[in-house]
Amino acid sequence: MFILRFLARRLGQGAIIIFLVSALIFTLLRVVPGDPVRLMVGGMAPDTLVEEIAAEMGLRDPIYVQFGRYMGKVLQGDLGESFVRPASGAAVGGASFDDATRGERAKVLDLIAETAPMTLQLAVLAMVFALMVGVPIGVWGGLYPGRLPDRLALYTSSLFVSLPNFWLGIVLALLLSVKLNLLPAIGYRGFSYTILPALVLAVEIAPFIIRTLTVSVAGVMGQTFIDIARVRGLSRNQIVFRHALKNSAVPLLNLLGVQFSMLLGGVLVIEFIFDYPGLGLLTINAVMQRDFPLIQGIAIVTAAVFVLINIAVDLLATAIDPRLDY
Amino acid sequence: MTSTDLPLAMAVPETGRRVSTRIWQTAFASVEFKIGLAVFVVLLAAALLYPELSGIDPSKMNIRAKLTPPIFMGEGWSWAHPLGTDQLGRDMLARALVGLRYSLLIGVSTTVLMLLAGAMIGLFSGYFGGRTDTVLMRLTDAQLSIPMIILAITILGVSRPTIPSIILVLGLAGWPVYARVMRSTVMSERRKEYVRGAMVLGATDLRIMFTLLLPLVLPPMAFVAVLDIARMMIFESVLGFLGLGVQPPTPTFGNVIADGRKYLMNAWWIATMPGVFLVLTLTSINLMGAALERARNSIYGGA
Amino acid sequence: MALDMGAAPETLLSVRGLSVAAGDRPILTDISFDLAPRSILSVIGATGSGKTVLARALASWLSPPLRVTGGRILFRGRDLVADPAHARSLAGREIAYVGGNPAGALDPTMTVGAQLVEKLRAVRPDMSADDARKKAIRLLEAVHIPSAQRRFHEYPFQYSGGMMQRAMIVDALISDPALLIADNITQPLDVTVAAQILKLMRELNAQFSTAILFICSSLPVACDASDEVMVLHEGRVVERQTPAALVARPGHAYTRELIAELPTLWQGGENGASRATDRERRAIMSVRGLAKAYEVRARGQAGISRVQAVRNVDFDVFPGDNFGVVGESGCGKSSLMRLLTGLERPDAGSVFFEGENVGAASPKRLRELRRRFQLVLQDPYGCLPPQSPIGAILEEPLKIHRIGNAAERRDRARAVMAEVGLDDSLYRSLPTGLSAGQRQRLNVARAMILEPRLLIMDETLSALDQTEQGKLLDLFDKLQAQHGFTYIFISHDLTMVRRVCSRIAVMYLGETVEVAPNERLFFDPGHPYSRALLSAAPTLEERRYRPEDCLLEGEPPSPIDLPPGCAFASRCPHAFDRCRTENPALRARGGHALAACFLNPEPDIGLHETVTETPHV
């Protein structure tokens, strides 16, 4: 019962968020300079053709009319069609513009659906790596505040957070792929191509896990119920593993919810460097090609995932700590 | 992101000296802070002085000295170019140090901008609550749900990136976290007795917000913002790398590394050496930031 | 119940020459005493006397910088200081500990039941989970936790303070320990709840034959609770006697002082009853039918619940009055304070200040009115703006109301500082270095700098010790004589209101259940709750009312889910059917006394008169 109410409320709020995101991106794309039609038809096409096509696509209507039309379609599950990508194969360059192919442009939803699993694979693997490194260091640091493990946590996280992902990607590719020939780096032809990008992404995520856990574990260890558990006759292992870790998990969960967009930001750059065919690469290309429907679609899907992940995080947090309200 | 691990409701402690002074002193007493500061001062001095003092123009081409490796690395290195040269014979050390200037400029301005914007929005949201709060927080959520980098490249990708536009775009993309932290801090502070006391004395809302609350809750947030300077510097370099930062011929970490990537196979140092500089700078800032954050947490009673 | 009872030696615990130090500073010096099985020994002492350190030392729970520097703690003849491993094996099993912070004592993310079982099985690994669960539920019933079966599966936050303390007692007793160390267990609880817990502890002592070391800071509570009382002063045992002997013939100067300082409720001495109230003049503050509810999202419940924090509050305060409002936590005192001062607006009813309705005044008008009534807040630490020097704190109200220029404001601030007894040299310092008493002086100074007519004191003296309280009360008297202030004291402390207030309102669950002159309330209370409150008050005097006669087991109902009828009916020994269906209104008992109870005879005066409390001679 409570869960249903909670879901209804949060999904309602989420709808508002997604609407705001769409409005923001939509307006932004239309007020900034740069005409996508010019890009589509190529520099050689006459202005009249540009205007003709623009009018045909509704790009010369007032923004709110365009937005209304767009949202109407979104509500029906139609995120529109890419400006530049054909239904199959690579992006259509401006020079190869041809009236006849316009009917066969790729559906935005299809493009996202094709690339999202790749990104998911990358993100999950990166998260596994990051947790494998971050959790032990963070928990250990939190158990001994001010002592060696704590310093170790501080230095590791400070160093990791200082490594720009694109630079680290280049360096690791150079070392592990070019020099040592251990892992493949560029493109995607099998699972092994995910490892290197995932490592780079993990280095980006791990410091936040370490920092959050150090602070929350140290905080929980200082609380009365942990302190008094010893007098109640509980063993150190029981105290740490049954009580302290469980209580420190909530801040970590919240972090993952809020930092979701940071994760995506990292994915974007890393996919670009490694030419990894995921959502991030799609986004960068969409921006470079001024592919408005694709950018909008990605923004909406991203916002929706953000909303869903945060709902899941809150549900999980409530399951761990019943004091938290739905 | 750094600021989210601020305790969501910081208790304002009783102190003898001003809290800010104590945070400085506690942080400065730690080894991390001293190491960070020392490295940072050296790098900053080099960035400010080296290009002018050495008389090396980071944009000057010298085809005869092109692709010189860094000292002791490979054949044909020279003391004239300690970090080597690029494909056009430009001095990598000078390019990295000039890049550092832009990086710091943009990192610091952006952080200040987003701190102030976020603090204002959070202050109003947290103090007034109710409908103001709902509207502002929905906006914040919306903003948080779009990855900052997507927003930034979308805007900068379609308009020409200049230094002010980069600062504006990054600053506007980064405020929501500060707004959230400020909001929750103000919410817990305004329930405190001293705020109630001021109300009973007859103080107006604006007076309480700006003379009582803001001076109290902004400094602890500002200390942690040091960490965001580093984060913004990374964003700046990412933008540069994607070709959306400060445009060449002005060297920035991002565009130099992007450039060097094309010569990775035969001149690995072009892409990697400036990065080492960037990493050093960022680590020094992050060490100072982490020390400040810890000092802040210890003074505010931990997590 | 205790293990090997037959083999138990004559003394269970024997402490010999125990010394504990924090670094180099001695905290406990040469403590020696014996504790027989099944007996209750109280340890009392002032803050800083080392009693909590003693409790922790006996529980083998000292953490750095505290350490034992000498002596032995013999438990059943084995030294715990010399054998830490043995001491650890006894912790929670043979030696149980209950602390003064029940709210934080259990993991908030696990049910109380699960943690009781976890603890029992940690110290008795041979016990099956099912047996452990049965035992926990049986004990929860034994400590009078209602519907224990269901409560077993609830989380700590779903327990009230009193219930949580009961659960912690179960947690301690579940392993059938031979010794229970109870460290300040009643301190955070309301007096009526504390009285129930004490009663419970004595029952359990008889039932489970556990020896109890009862540590507390209140002499009356210690005397009530135990067979013998040991007095600790500056880290040393200064005397040990039975309660009766201790009160009759205190052997040490500190004990004598402690007894002399205890305020009295019924015996002579100065009290507020002697104060003359000018009832002929118009009331300075009149409260009528005041009500305020808050909307809260109750935990674990769907939707929004309404907490009826204040309802049916009526009283008048006359010029020169010292009016008291007493009640336990959750009775609506703080909400009432916010309504009286216009910080919040009532849902219904009105607060008239000198004939003007504070609850309906415009924000601008309210700011003007605030020059004439001021509030002195509870917490001497939280209510001063941090990081402002004392002079600036005092000048702030003048600045807000745009009074005087900088020089005049400074002179005024210094004058007020002198009046409340703050040294002029403090003008530029931060309030950090001030003692609690000095801080409250500063608060009073800040409130009176605007020369108000009415001062509302919200628990202003609660954080102070007896001596400091006395000094501030003298100051209040002096200021009242000089400036003609009227005071409203909001407090939980019966002895304080007995001492200073001329008339007193008693609140229970948001209602004024009784409004009466001082003498009348203490000698002839008109409401059973007032009587229960008096019976639970910590005092060494011969009790006029005994808790056993005045208070039933049970918790106050939740303000979210108020029963119909009288809110006190569930704990009232005199409740009858009508009490459970109809809520009695305040009605006159003659002599300016009003009470909301059906047991009082129906008055023959009209209803409106009973409520408006007009002076009838």
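Helices (H or I, at least four residues) and strands (E, at least two) are DSSP runs, numbered from the N terminus. The model is predicted: local features need pLDDT of at least 70 and side-chain atom pairs count only at pLDDT 80 or more, while totals for chains, interfaces and linings use all residues. Residues are numbered from 1 along each chain as its sequence is written, and chains are lettered from A and ligands numbered from 1 in the order in which they are written.

**Figure 1. Overall view of chain A.** Chain A contains 13 helices and two strands. Along the principal axes, its C-alpha atoms fill a box of roughly 85 × 60 × 30 Å. Of the 326 residues in chain A, 45% are buried; a residue is buried if 20 or more other C-beta atoms lie within 10 Å of its own, exposed if 12 or fewer, and partly exposed in between, with C-beta atoms placed from the backbone. Two residues are in contact if their C-beta atoms, placed from the backbone, lie within 7 Å. Among contacts in chain A between residues at least 6 apart in sequence, 73% join residues at least 24 apart.

**Figure 2. Overall view of chain B.** Chain B has 10 helices and zero strands. The C-alpha trace of chain B spans about 80 × 45 × 30 Å along its principal axes. Buried residues account for 57% of the 303 residues of chain B.

**Figure 3. The contact between chains A and B.** Chain B contributes 43 residues to this contact and chain A contributes 47 residues. On the side of chain B that touches chain A, at least two residues each come from α4 (130–145), α5 (148–158), α8, α9 (253–261) and α10 (268–299) of chain B. The element that gives the most to this side is α10(B), with 12 residues. By class, the side of chain B that touches chain A comprises 26 nonpolar, 12 polar and five charged residues. Here Ala, Val, Leu, Ile, Met, Phe, Trp, Tyr, Cys and Pro count as nonpolar, Asp, Glu, Lys and Arg as charged, and the others, Gly among them, as polar.

**Figure 4. The contact between chains A and C.** This contact takes 22 residues from chain A and 24 residues from chain C. Elements giving two or more residues to the side of chain A that touches chain C are α1 (2–31), α9 (224–232) and α10 (236–258) of chain A. The largest share of that side, six residues, belongs to α9(A). Its residues divide into eight nonpolar, seven polar and seven charged.

**Figure 5. The largest nonpolar core.** A nonpolar core is a set of buried Ala, Val, Leu, Ile, Met, Phe, Trp, Tyr and Cys residues joined through C-beta atoms within 7 Å. The largest such core has 367 residues, and those with the most contacts inside it are B:A152 and C:L213. Helix α8 (residues 205–241) of chain B gives the most to this core, with 21 residues. Not counting residues up to four places away in sequence, C:L213 touches C:L35, C:L41, C:V43, C:L58, C:L179, C:I181 and C:A182.

**Figure 6. Domains 1 and 2 of chain C.** Eight residues of domain 1 of chain C are in contact with four residues of domain 2 of chain C. Helix α8 (residues 219–225) of chain C supplies the largest share of the domain 1 side, four residues.
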